[in-house]
Amino acid sequence: MTRAPGPKGTLIWGSLGAMKQDALGFLSQAAATHGDVVRLRFGPVIAHLLNHPDHIDHVLSRGAAGYDKTTRSVAQIKATCGASLLSSDGASWQRHRRLIQPMFQPRFLETIGPVVDSALDAMLDRWAIAARRAQPIDIVTEMMQVMITTSVRFLFSSEVDHARIERPLGVLLADTWRRIEALFDPSTLSPVFHRAAFKTARAEIDKLVFAVIRARRISGDRPDDLLSRLLCAHECEGTDRLTDQELRDAAVTLILAGHETVANALAWAFILLAQNPQWRGFDPQKIWFETLRLYPSIWIMERRAVMPDTIGGYQIGKGSSILMSPYVLHRNPNFWPDPTRFDPARFDAPQVAARPRHAYLPYGLGPHRCIGLHLANRVADRILSRVQAMFRLDVVAGENITIMPGITLRHAGAVRMTIAPPIG
């Protein structure tokens, strides 16, 4: 069988340096130069980048049994989230999915509107004051705040100061990505070798989560939310019983996934609308879908080949790492004409029907597809609709807008925007 083509890189480290310097640029160029299956070497690690919908479907869906999550990236994510939906496989993953999935069914999602609106009302009131005073807002911070509030209220029926979550989670995510980029980190030998900042941030998150759990137990109230379901599983007998650690891991994962990914993408949506004002007032759902095409929060996924395979006519060795980047795939000109252009009309029905089914996968694919995708779409639609009805946002002149790929596709810093009433 034929070995896939790919960049040579340096003698010892291969393409590790290029990947660390500019991951998005490196992977995009590798796919453009070498095709749909690209062989990469990062020191002793062999990886294959896939950039065709059929190949990705094979790994994540049709042939998912031949690939697992025993990867370096998942091992590092476990240090933050533990054994949860993000990082587990097999029976453990199925158990967590079976427990949590009912909360994301339509009858529960119907209750999200008032939860979003209550958080939005406070934000829009602040914005009205800022508009009168001609004060810009930081759209990144604003979206993080409103999504933290919304997520914690919906999932746990609780109130938590957003700063108590946002700051330590930022530390955890940054350190996790640092460890993923490194070929070796001492923390892989023992958790005692984690950096002090990581340990402190993790302790702060744990303290917050256990305080919410303790308050629920003391109150005796059991509203039909995710925390009640987790506590029920924690207290039951049998195979579905959650240990203390599993209870914590599930709660932390849902807090992180429930706000970080949506908040980042919403900030990109408002930036893109400011840069492309002709799309203001367009269908908010299509604006959201096009934003996720250009800036998918989960911009890269990894699996491990548990047995030899052939993809696109190329040999995939047992143990090879498989990389799939929605960011790169969504900019593949074979499926997306003029791929860097912001064009929400790409999601009009005729254009959707004309594309390969799996050319668009911001929420992943197959059995591990994001459990919260319908929730994310509903929340984004609500926020985009209400904000556009009340305000016109524009990026402050000279503002530096920089992508920072990490665990999610974040912004490298604040992005200030001015606020004014909508035109017309």
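Two strands are taken to pair if DSSP finds at least two bridges between them. In this predicted model, strand β1 (residues 37-42) and strand β2 (residues 45-50) meet that criterion, with six bridges in the antiparallel sense. Val 37 lies opposite Leu 50 of β2. The two strands form a hairpin, and two residues separate them. Gly 43 sits in the turn and has a positive phi of about 60°. β2 also pairs with strand β8 (residues 321-324). Here the strands run parallel and are joined by four bridges. His 48 stands opposite Ile 322 of β8.

A further set of three strands forms an open sheet, ordered β4-β12-β9, with antiparallel pairing. β4 (137-138) and β9 (392-395) are the edge strands, each pairing on one side only. Four bridges connect β9 with β12 (residues 416-420). Within this antiparallel pair, Met 417 of β12 is the bridge partner of Val 395. Helix α7 (residues 112-132) packs on the sheet and touches β4, β9 and β12. The direction of α7 makes about 85° with that of β12.

Helix packing was examined for α10 (residues 196-219) and α12 (residues 244-275). Their axes come within 10 Å and cross at roughly 105°. Angles of 65 to 115 degrees count as roughly perpendicular, and α10 and α12 are therefore roughly perpendicular to each other. From α10, the contact involves Arg 202, Ile 205, Asp 206, Val 209, Phe 210, Ile 213 and Arg 217. α12 contributes Gln 245, Leu 247, Arg 248, Ala 251, Val 252 and Ile 255. By class, eight residues of this contact are nonpolar, one is polar and four are charged.

Key
Residues numbered from 1 in each chain as written. Predicted model: local features only at pLDDT ≥ 70, side-chain atom pairs only at ≥ 80, totals over all residues. Heavy atoms only, no water. Axes fitted to C-alpha atoms, helices over the stretch in contact; angles between N-to-C directions. Parallel < 35°, antiparallel > 145°, perpendicular 65-115°, else oblique. Contact = heavy atoms within 4.5 Å. Nonpolar A, V, L, I, M, F, W, Y, C, P; charged D, E, K, R; others polar.
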